[in-house]
Number of protein chains: 2
Amino acid sequence: MADEVILLDFWPSMFGMRTKIALAEKGVEYEYKETDPWVKTPLLIEMNPIHKKIPVLIHKGKPICESLIQLEYIDEVWSDAYPILPSDPYQKAQARFWADFIDKKFYDPSWKVWGTKGEAQVAAKKELLEHFKTLETELGDKPYYGGEIFGFVDIALMGFYSWFKTMEKFGEFSIESEFPKLIQWTKRKKFGAE
Amino acid sequence: MADEVILLDFWPSMFGMRTKIALAEKGVEYEYKETDPWVKTPLLIEMNPIHKKIPVLIHKGKPICESLIQLEYIDEVWSDAYPILPSDPYQKAQARFWADFIDKKFYDPSWKVWGTKGEAQVAAKKELLEHFKTLETELGDKPYYGGEIFGFVDIALMGFYSWFKTMEKFGEFSIESEFPKLIQWTKRKKFGAE
């Protein structure tokens, strides 16, 4: 494979989706190896012995784990194409802050809305809606979280887009009605159209 | 103040300690504002409206939140002095991975050992000892996690050093006996001696 890039990933993963988007935006060819995270394959254990989780990006035989760290790595190694992170240190810190917010605050209630029932689900829904509101407010009237560029935070959040319908169905709410700017944001980027 | 750097921090914080170490290594002067995180002061709410937590690094009036993001920011802005992160993308990804491991895996059982009782404490101790072992194995025979340089991971973990005695007392174990390389590591760096 070109440049020896392999991605261990599982198709429904919101985290693997980030890495796939980043590689696509950079135009990096790679070998995709579907890896069910509940089956700890020898390759997964060898490449991510600490967490034993996907996605794992393998570049020239060496593994890079954790999706946000993969995005930073991809941006640094293929630095000539499509900037993912801003170059200004403050803007970069802000991008890292919001991607970190998505992982620390948004992820947990997002799966609990469909993965739990009763009081836990009610609490998760309340929390999730607050975080959707925070994320919509942060987007504001910008086309992307990265301003004019679909960047680090956009990729971090877009990984969750394919789960939006699941959240809506189990949480019984409409993202489009309650957070119209977020839905406009999901439709703005034309993947593969450039 | 020189370069208008302010740090909102609370003295026992392992996270604030990281930022103080980084600023000290870089030789950056700053104004320290003791900020009890349980008292949500107007300045804390203004500077970190999302998490309302310390530490907050304020540079030229603009806040940077989350300690690891602050370390990256400090390394980028004061890039001439003392490199915190390696320049090689793979080494940088590895440093980020281990700092992330400390936040995701080590922090939680570390406070539960002294902050909980009964079964929760027993489980936390078991987990904490496993993570100490993992961290000692990763250190191996290197002087620092950063190899020859006291770097990103060293700073991330050193923030917890002042809590080691508390963990030992409540968990009834000896870090020095069980993880001698880790204790040697804590004594290797001479702060303020260079």
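Helices (H or I, at least four residues) and strands (E, at least two) are taken as DSSP runs and numbered from the N terminus. The structure is a predicted model, in which local features need pLDDT of at least 70 and side-chain atom pairs count only at pLDDT 80 or more, while totals for chains, interfaces and linings use all residues. Residues are numbered from 1 along each chain as its sequence is written, chains are lettered from A and ligands numbered from 1 in the order in which they are written, and side-chain values use heavy atoms, with hydrogens and water left out.

Positive phi values were found for two glutamates of chain A. E66(A), although not a glycine, has a phi of about 75 degrees and sits in the loop between β4 (62-65) and α3 (67-77) of chain A. Buried denotes under 20% relative accessible area, exposed over 50%, and partly exposed the range in between (1.4 Å probe, protein chains only). E66(A) counts as buried because its relative accessibility is 16%. E172(A), also not a glycine, has a positive phi of about 55 degrees and occupies the loop between α7 (164-171) and α8 (175-178) of chain A. With a relative accessibility of 69%, E172(A) counts as exposed.

D9(A) belongs to strand β1 (residues 5-9) of chain A and is buried, since its relative accessibility is 0%. Contact is defined as heavy atoms within 4.5 Å. Not counting residues up to four places away in sequence, the residues that D9(A) touches include K20(A), Y32(A), I54(A) and P55(A). The side chains of D9(A) and K20(A) are joined by a polar contact of 3.3 Å. Such a contact is a pair of N or O atoms within 3.5 Å; within protein, one must be able to donate a hydrogen and the other to accept it, and residues adjacent in sequence count only if both atoms are side-chain atoms.

Helix α3(A) is largely enclosed by the rest of the structure, because 9 of its 11 residues are buried. Among these buried residues are L68(A), Q70(A), E72(A) and D75(A). Their cover includes α1 (14-26), β3, β4, α4 (89-115) and α6 (152-158) of chain A, together with α4 of chain B.

The contact between the chains takes 26 residues from chain A and 26 residues from chain B. Chains A and B bury about 2,300 Å² between them, 68% of it on carbon and sulfur atoms; buried area is the accessible area (1.4 Å probe) that two parts lose on being put together, summed over both. Across this interface, 8 salt bridges are found, each defined as a side-chain nitrogen of Lys or Arg within 4 Å of a carboxyl oxygen of Asp or Glu. One of the salt bridges pairs E72(A) with R96(B), the closest N and O atoms being 3.2 Å apart. On the side of chain B that touches chain A, β4 (62-65), α3 (67-77) and α4 (89-115) of chain B each supply at least two residues, and α4(B) gives the most, with 12 residues.
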